[in-house]
Amino acid sequence: MARRRMALTVLMRAELSEAGVDVPAVVGASAALVHSGGAKWHVPVTGKAYGQCQHAAKLRTTEPQVVVLLDVLPQVCAHCVAAVPVDDGVRALWHACEEIVAAARTVRGLRDAMGGKTVKTWSGYARALAAAAHHHDADVRRLLKPWLVDAVLGSQAWRVLRAWTRVVEKSQAALDDYRAAAPAAGQTAAITGACDAVASAPEVHQQSRALARAVHGSGSPYTWGRADVWSVVREAWGLARAQGQDAAAAHEFARSKVAQLWGEAKVTDVSALPTPAHTTPCGHSSPASWANAEFDHLLREHVAAWCRLLEEALSATVVVEDTEECLLLVAAWPLIAPEDRDLAYLAQWPQVGPSVPSPARRDPYAADREALAVVLSVPAFAAEQAVQHARFDKGRLTIGPRLPVGAAASDTVQEAARALLRTVYPFLAEDLATDGRRPRPSAEVRTARAVERDVREADLALRLVHEPDAESKQRRRDDLERGIWSWVPDDTASGPAARELHELCDPYGLYGDLRLRVECGPRGTTSLKTLFGRLVVWDVGRRMLEFAPVGGHGTLTVPMHRIVALTGDRYRRGRDEPPLWEDYEAPRRRW
């Protein structure tokens, strides 16, 4: 929901009817559009054509037609679809219906997976959990809230809200069923431990690399879309054993998966094959024929040997499933990346506290998926095994304090979870609850603001000697984006600073990554930090700043009484992406 575009999304009448949200405001929504007899519809151009669709600008003299959006929205021009004129209430109901239909599709997919022969894995559960409807529950309810009391749309808004509540309940029930059908936690931990034990042997990787070099040459052993042989065996064997298969069936499944990916491979570098040879060259029509036969023999031999090692390691792995739980900080959440398959079983345990932006690695091909950090309440044995598995991925997992059984909802545990989250990102929205009803800047914030103002005024006085235009609006805006000067809020509500920032942001906002110096933490234990990101909205009436941290994260709401200063990222501008945050340093004069 946070990533939802303002443009309307195509909806199908059958899906709306099935979800019970075929309300008149959405089904009968209409708009006046124009088209030239072709396939595309356009929003009529009013006033200047600058910034509007060039095709619509050519249709100024065409009479608009009132059309039903459900029928023509797929044919609306991509440039015009965000500007389709509909009432705010209809738009809110439309977007809520989008979320209901999308959630219903996800639930339907989970039900189909449960009823079919699809293998139930923790990776599949983690993906389903990441797409679950409850993540958007607060956003949908906030979207519908203003229209529940509307005289015209109130009854329809309540109908949509009830449909949303039903689909959230169905989504949670489908997740519970999937989690119950997935492998047991102790079994998964034992299998992962066995795989890690075999993977620690250098000769396993040496053999796998030798097989890859024989096919692809010595330049790049992992090319042409093939995973290395050991990774294929590890994943296939672990999957088979997690589904309750015996050793022979797991070996056969691993052999079939390897044959599927590597069975047709041809040797291109004979020198990569080990010596002495394992097969005789007699009876082959050419050296290439013998090399391929030798490769096939080595492939089967290594797969069988690795499966034996895995079975031995599994027999030697003892997992004691104790009832004691602990907090576990997980970065790079959700666990849906291919390299997360051995950690995905952590997704079955409940989350404690909110999620925060994480600086952990992100998938460059999934720019719309932010990396988060969460705290889970996990059995101690599972947390220890997961930390051991991710020991080479520094900062990925961190074990927190031990918990009494069933104590995940207590205030003490919640505060311990928030303390862990602050080590990843220091600003938590929950900390604002300690500020009271009419919060004022703390003494630490007022002192830091005074230093910022002194430095700003001293620098400006010296610059005006050499740059007379330094106080023009455009120059001040450019210098703020470049980090030459800092905007500092007033200590009282009647000061001019709020209006000044509003004027600087009008009409296009501020460009690039900015430094937001803020007070973080609950009152009594606060500290000053510098957050990096984009200014999304400055609400001068509410005195709230919407701030999006770097890395594609969702927006944060920062109240004015917590802000020390706002300025550009002067030191990294144009070079690389800044960190999520850093400790606050008082400014110094630049002249």
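This is a predicted model: local features need pLDDT of at least 70, side-chain atom pairs count only at pLDDT 80 or more; totals for chains, interfaces and linings use all residues.

Q: Is Glu430 buried, exposed or partly exposed?
A: Glu430 is partly exposed, because its relative accessible area is 36%, and that falls between the 20% and 50% cut-offs.

Q: What does Glu430 touch, leaving out residues up to four places away in sequence?
A: Pro354 and Arg418. Pro354 is 76 residues away from Glu430 in sequence, yet the C-alpha to C-alpha distance is 8.4 Å.

Q: There's another Glu I was curious about, Glu15. Where is it?
A: Glu15 is in helix H1.

Q: And is Glu15 buried or exposed?
A: Buried: its relative accessibility is 19%, and the cut-off is under 20%. Beyond residues up to four places away in sequence, Glu15 touches Val101, Arg105 and Arg108.

Q: What is Trp94 in contact with, apart from its neighbours within four places in sequence?
A: Quite a list: Leu8, Thr9, Leu11, Val26, Ala29, Leu69, Leu70 and Leu73.

Q: How are Trp122 and Tyr125 placed in helix H6?
A: They're 3 residues apart in H6 (residues 122-130), so about one helical turn separates them. Trp122 is buried at 5% relative accessibility, and Tyr125 is buried too, at 3%.

Q: What about Trp230 and Trp306, how far apart are the centres of their rings?
A: 5.8 Å, with the planes at 85 degrees, so this pair is edge-to-face. Trp230 is in helix H11 (residues 229-242) and Trp306 is in helix H13 (residues 287-316), so the pair ties together parts 76 residues apart in sequence. Both Trp residues, Trp230 and Trp306, are buried.

Q: Which residues do ring pairs link into a cluster?
A: Trp122, Tyr125 and Tyr178.

Q: And what sits over the ring of Trp485?
A: The charged end of Arg476, 4.2 Å from the ring centre.

Q: Last topic, the backbone. Which peptide bond into Pro276 is cis?
A: The one from Thr275, with omega near 0 degrees. Pro276 is in the loop between helix H12 (247-262) and H13. Trp333 and Pro334 are also joined by a cis bond, with omega about 5 degrees, and Pro334 is in the loop between strand E3 (325-333) and strand E4 (356-357).

Q: Why point those out?
A: Because most peptide bonds are trans, and most residues other than glycine have a negative phi.

Q: OK, so what is the phi of Ala332?
A: It's positive, about 55 degrees, although Ala332 isn't a glycine. Ala332 lies in strand E3 and is buried at 8% relative accessibility.

Q: And Arg543, what is its phi?
A: Near 60 degrees, also a positive value. Arg543 is in the loop between strand E8 (527-539) and strand E9 (544-549), and it counts as partly exposed at 23% relative accessibility.

How values were computed: Residues are numbered from 1 along each chain as its sequence is written. Side-chain values use heavy atoms; hydrogens and water are left out. Contact means heavy atoms within 4.5 Å. Buried means under 20% relative accessible area, exposed over 50%, partly exposed in between (1.4 Å probe, protein chains only). Helices (H or I, at least four residues) and strands (E, at least two) are DSSP runs, numbered from the N terminus. Rings of Phe, Tyr and Trp (its six-membered ring) pair if their centres lie within 6.5 Å; planes under 30 degrees apart count as stacked, over 60 as edge-to-face and the rest as tilted. A charge sits over a ring if NZ of Lys or CZ of Arg is within 6 Å of the ring centre and within 35 degrees of the ring normal.
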